[in-house]
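Hello,

Please find the structure below, with my notes following it. I have kept to what can be checked against the coordinates.

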Amino acid sequence: MKYAIIYASKAGGTEQSAKIIKDKLFFEHQVSEDDIDVIDLKKNKSIQISQYGRCILGTGIYVGKPHKLVKSFVNDNLKTLLQVPISLYICSLGTDKDNENYLKLFPKQLLEHASPISFFGGMVIFKRLNIFARLIMKSITKSKKDVHHLKHQVISDFVKEIAES
Ligand SMILES: Cc1cc2nc3c(=O)[nH]c(=O)nc-3n(C[C@H](O)[C@H](O)[C@H](O)COP(=O)(O)O)c2cc1C
């Protein structure tokens, strides 16, 4: 079965998560590397969804919203996405309550269809950000230091659930 990990990232967390998911599927769950495509929506938007046995979607949250490329990918392909198994991960630095609210930003049909849906925590590599994003982050974290708050156990559980489904 082929897996697609489809994401867009600004600060690094969603991208690193995509790579971790791929590594875990390969090293811990015996999925062949040839059967895992990691797709950055900044580089490739025309994806043949129906060739995959599962699509894993990943986005960060920016000023309360998902990445615009992920949002438009989901909206443009919703009908097709509902025909294959979908999983969703969200990278954010919000509280559990914030995360609940971020879910409301996705189409209800997608949320009903997707499993698992997980919040991986977040990451910020300042040098990846443009000047505006740096200013926003500085005002949120009150610091210029990179943030590494990905929840590795949550990622492991997410991948295990997918591999065992
Ligand atoms: C410009 C900017 C705005 C952000 N706004 C929010 C926010 O509103 N809520 C939140 O929980 N996290 C926020 N974050 C944290 C990101 O969701 C977190 O860094 C996540 O890892 C982003 O995904 P990415 O690293 O793949 O870009 C923000 C980060 C940046 C860079």
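Predicted model: local features only at pLDDT ≥ 70, side-chain atom pairs only at ≥ 80, totals over all residues.

Six of the six residues of strand 1 (residues 3-8) are buried, so the strand is largely enclosed by the rest of the structure.

**Pairing**

Which strands does strand 1 pair with in the parallel sense? One is strand 2 (residues 36-40), with five bridges. In that pairing, Ile 5 stands opposite Val 38. The chain gets from strand 1 to strand 2 by way of helix 1 (residues 13-29), and this β-α-β crossover is right-handed. Strand 3 (residues 54-62) is another parallel partner of strand 1, with six bridges. Here Ala 4 stands opposite Cys 55.

Ala 4 also has contacts beyond its neighbours within four places in sequence: Asp 37, Ile 39, Ile 47, Tyr 52, Cys 55 and Ile 56.

**Nonpolar core**

The largest nonpolar core has 32 residues. Those with the most contacts inside it include Ala 4, Ile 5 and Ile 6, along with Cys 55, Ile 56, Leu 57 and Ile 90. Two or more residues each come from strand 1, helix 1, strand 3, helix 2 (68-81), strand 5 (86-91), strand 7 (121-124) and helix 6 (152-163). Strand 1 gives the most, with six residues.

**Ligand shell**

How many residues surround the ligand? There are 24, and the closest are Gly 13, Thr 14, Gly 60, Gly 94 and Gly 122. Helix 1, strand 3, strand 7 and helix 5 (131-141) are the elements that give two or more residues to this shell. By type, the shell residues divide into 12 nonpolar, nine polar and three charged.

**Pro 66**

Pro 66 lies in strand 4 (residues 65-66). Is Pro 66 buried or exposed? The cut-off for buried is 20 or more other C-beta atoms within 10 Å. Pro 66 has 24 C-beta neighbours inside 10 Å, so it counts as buried. Not counting residues up to four places away in sequence, Pro 66 touches Thr 59, Ile 61, Lys 71 and Leu 105.

Regards

Technical notes: Residues numbered from 1 in each chain as written. Buried ≥ 20, exposed ≤ 12 C-beta atoms within 10 Å, placed from the backbone. Helix = DSSP H or I, 4+ residues; strand = E, 2+ residues; numbered from the N terminus. Pairing = 2+ DSSP bridges. Right-handed = clockwise from strand over helix to strand, strands pointing away. Core = buried A, V, L, I, M, F, W, Y, C linked by C-beta atoms within 7 Å. Contact = placed C-beta atoms within 7 Å. Near = placed C-beta within 6 Å. Nonpolar A, V, L, I, M, F, W, Y, C, P; charged D, E, K, R; others polar.
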